[in-house]
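Have a look at the model first, then read on.

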Amino acid sequence: MRLKIIIVLTILTGITGSPSITIRPEVELVDNKQRISEQQNLVTETDEVVEDVMATGELNPNHYPAQRAAKVVQHYINTLYGSPFKVFHLHRVHSGNAEDVADSGRKYQLEISVQEMISNTSGKCSAEVFFSRGDKQHSPQVQVMCEELLKINTTKEEDAFYQHLKKNTSLLSAEYLPDSHGHIEPDMKPLWHLASVASSFIMLNESTQDTLFNMAQVANVTQLATESDQLKFEYLILLHEMVSQEIIRWKLLVSWCPPEGVKVLQMEKLPHCHECEKPPNTN
Amino acid sequence: MDSSSILTANLLQYFSVFLSFFCFFNHSLVEGAESTWNYDYTKYHRMDEIRQWMEDVEQMNPHLVSSSVYGQTYEGRNITLLKLALDNPQGREKKVIWVDCGIHAREWIAPAFCQWFVKEIVQSYKTNKKLEQILQNVDILVTPVVNVDGYMFTWANDSTRLWRKSRSTPPPGSSCYGVDLNRNFNANWEVRCVGCVSFDSCSNTYCGKSAGSEPEAKAVRSGMVDKVLCFLTIHSAGQLILLPYGHPQITAPNYEELVSVGKAAAAEMKKIHGMDYTVERLHRSNSGSSRDWARLIGIPFSYTFELRDKGEFGHLLPEDQIQPACEEAYAGALSIITYGHGQGFLQQHRPNSAVVTATGFSSGLVVLVAMWIMSVTTGLFV
C-alpha cells in the first residue's frame with residue numbers, strides 16, 4: 001500500500017505542465033526547404049538587376065513604373081465618375097507596356113483591376129496614360145475603358161444625401177477624417193468620399209512618372225452657404241506622395257450636386273506648416 | 001499502528017491536500033492573471049502604455065521574456081527591446097532574430113504588430129513544438145518602438161499625427177526638425193537620388209548630417225550582435241516585402257534565395273485574409289535604409305515589411321484592421337524566421353525528451369488523485 005502511494009506521488013510530482021489556456025489556430029511551421037523549392041518552380045519572372053525608370057516594352061506589373069501609371073488611371077476615373085457614394089481605388093495591375101513617343105513623352109498601356117470601395121465591387125479596365133516630357137509639364141493624359149464597374153447605380157443614396165443637406169438649416173463641418181485612429185463617423189463618410197474624389201483632380205494634375213499620390217487625410221471641411229443648386233464645401237486636404245514621403249496641403253473649393261457631379265472650383269497649394277512641427281508646449 | 005506509520009500517513013495527507021490546492025490555485029491564478037490583465041492588442045497604444053505592457057509581459061513570463069535598454073533617443077528616452085528566448089537544452093550557442101518596429105513615427109500599425117508578435121509567441125510557444133525549438137536555438141529580439149520621440153510626437157495632437165522622422169533639433173540655418181532614420185544608416189548613404197534621399201533638413205527623407213549620425217540608428221547598430229540570422233524591420237504602408245538593395249547596381253549575393261523566401265512569406269500571408277503582398281527590390285533607390293545596412297554587414301535574411309494598406313487609409317489604418325493586419329504579418333514573419341532558423345541550424349534537434357511535459361494536464365485530475373490518496377491514508381487509521 002505504501003509503495004503504491006509513493007509511486008503515485010512520484011508520478012504526480014514528476015509531471016509538470018500547465019493547463020491549456022486558450023486554443024487558437026497554429027501557424028503551420030513546416031520544413032521550409034520543400035516549400036521553397038516548390039516556390040522556385042513557380043517563379044517565372046526574371047528579376048532585372050537594373051531597374052530603369054525608362055523601361056520600355058513589357059513592364060513588370062508589380063513594379064513601380066506600371067504601378068505609378070496605373071494610379072493615375074485611378075485618379076482619372078474618380079474625376080469622371082466619383083461621388084460621395086462612389087470612390088475607386090486601383091486594385092491590381094495585370095499587365096503593362098511602355099513606349100517612348102518621339103521626344104514628346106512616354107505612353108503606357110495598362111490592363112488593370114479597379115475596385116469601387118463602397119459597394120466593394122471590382123472590374124477590369126484597359127487604359128492608356130501619356131506623360132509628357134520637356135519644359136512644359138502637362139498633367140498626364142488618360143484614356144480608359146472599363147467593364148460594367150462604372151455603371152454602379154448610386155442615385156438613391158446621392159439624392160437622399162443631397163436632399164438631407166439642402167433641407168438642413170445648419171451647415172456641416174468636420175475635422176480630421178479619418179481621425180488619428182483611422183476612424184470616421186458614419187455620417188461623415190460621404191464628406192470623406194467627396195474629398196477623395198475632389199483630391200483626384202489635384203492628384204491627376206500633379207502626377208508624373210516620379211510620383212505616387214494618395215489622399216492621406218481631410219484636415220477640415222466646412223460647408224458653405226449657396227443660393228444655387230450646388231452644395232459647396234471648403235476643404236483642407238492632406239495628400240501623401242509616396243516617393244518623397246511628403247504630406248502636401250491643398251485648400252479646395254468643391255461643389256457637388258447629383259446631376260453635375262463633383263467639381264473643383266478653386267485649388268490652392270499651401271506651404272508646409274513648419275509651425276505645426278515644433279515641439280508642443282505641453283509634453 | 002506504529003508512530004512512523006501515523007507520521008507517514010499524516011505527511012501524505014498534508015502533501016496531497018497541498019498538491020491539490022496548489023494545482024487548483026495555480027490554474028486559477030494563471031487564468032485570473034490573464035483575465036485581469038486585459039491588454040487590448042486591437043487598439044493603438046500611447047508610448048507609456050507600451051512601456052507598461054513591456055514590463056508586464058516580462059514580469060508574467062520570466063522564463064521566456066527579458067528586456068534590455070540598448071540606446072537612447074535624441075530626446076534622451078530609452079530604446080528598449082524584449083528578448084524572447086529559452087535555454088538551449090544542449091547548452092549550444094544561440095543565434096539571433098531581430099525584429100524592429102516604429103522607425104517611422106506615423107506608421108502606427110508597426111508597433112501594434114510588434115506587440116502582437118510578442119503576444120502570439122508568449123501564448124503559443126508552450127503548445128507549439130516547432131516554435132519552442134526555435135526559441136531554444138535563437139533569441140528573438142523585438143523592439144516595439146525604435147523612434148520613441150517621433151512616436152510620442154504623433155500622439156501629441158491631431159495635427160502631429162503624420163510626423164515621420166525623429167525629433168532631432170534643426171541643424172544650423174534651418175528651422176526644421178527631425179531626421180528620416182531609415183535614410184541615416186550607413187548603406188550607400190552618400191548616394192543621392194531624385195526625391196528619395198534628401199540632404200534638405202526640411203525634407204521628410206532628410207538623411208541626417210552623416211551616415212549613422214542619429215542616436216536611434218546608433219542604438220540599432222549597437223543592439224546588433226553577432227550571429228543574426230534574420231533582420232525584419234516593420235513599416236507601413238503599401239503591402240510589400242522589400243529586399244536589399246535599394247540601389248539598382250548592387251545585388252545581394254543570395255538575391256535569388258531572398259526572393260524565394262520572400263515569396264513564400266507572401267504566400268503564407270495571403271492564406272490568412274487573401275491580401276496581396278508584393279515581393280520586390282525597392283521600387284526606387286533608397287540609400288541609408290536599415291534593411292540595406294543589415295544585409296551589408298552580413299545578415300543573410302533582411303527584409304522590410306510594409307504592412308496594410310494600399311492607399312485607402314494609408315498610415316491611418318483603422319483599428320478594426322489591426323487584428324487582420326497583424327495576423328497576416330505574423331504568418332509572413334514566422335515564415336521567414338522558420339526558414340532562417342532552418343538555415344542556421346542544419347541538424348534537426350529534438351527537444352530533450354527526458355523532460356516529461358504533460359500539457360493540458362487537468363488540475364481536476366490531480367484533485368481526484370489527491371482525494372484518493374487521502375481516502376487511502378485515512379484508511380490507514382481505521
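At what angle do the axes of helix 7 and helix 9 of chain B cross? This is a predicted model, with local features needing pLDDT of at least 70, side-chain atom pairs counting only at pLDDT 80 or more, and totals for chains, interfaces and linings using all residues. Residues are numbered from 1 along each chain as written, chains are lettered from A and ligands numbered from 1 in written order, and side-chain values use heavy atoms, without hydrogens or water.

1. Helix 7 (residues 255-273) and helix 9 (residues 322-344) of chain B cross at roughly 145°, with axes that come within 8 Å. Helices here are DSSP runs (H or I, at least four residues), strands likewise (E, at least two), numbered from the N terminus. Axes are fitted to C-alpha atoms over the stretch in contact, with angles from 0 to 180 degrees between N-to-C directions.

2. On the helix 7 side of that contact (heavy atoms within 4.5 Å) sit B:Val261 and B:Met269, among others, and they meet a helix 9 set including B:Ile336 and B:Tyr339.

3. B:Lys95 is in strand 3 (residues 95-101) of chain B and is partly exposed at 26% relative accessible area (buried is under 20%, exposed over 50%, partly exposed in between, 1.4 Å probe, protein chains only). B:Leu229 is 134 residues away in sequence, yet 6.8 Å from B:Lys95, C-alpha to C-alpha.

4. A:Asn78, in helix 3 (residues 64-81) of chain A, is buried at 2% relative accessibility. Beyond four places away in sequence, A:Asn78 touches residues including A:Val197 and A:Ser200.
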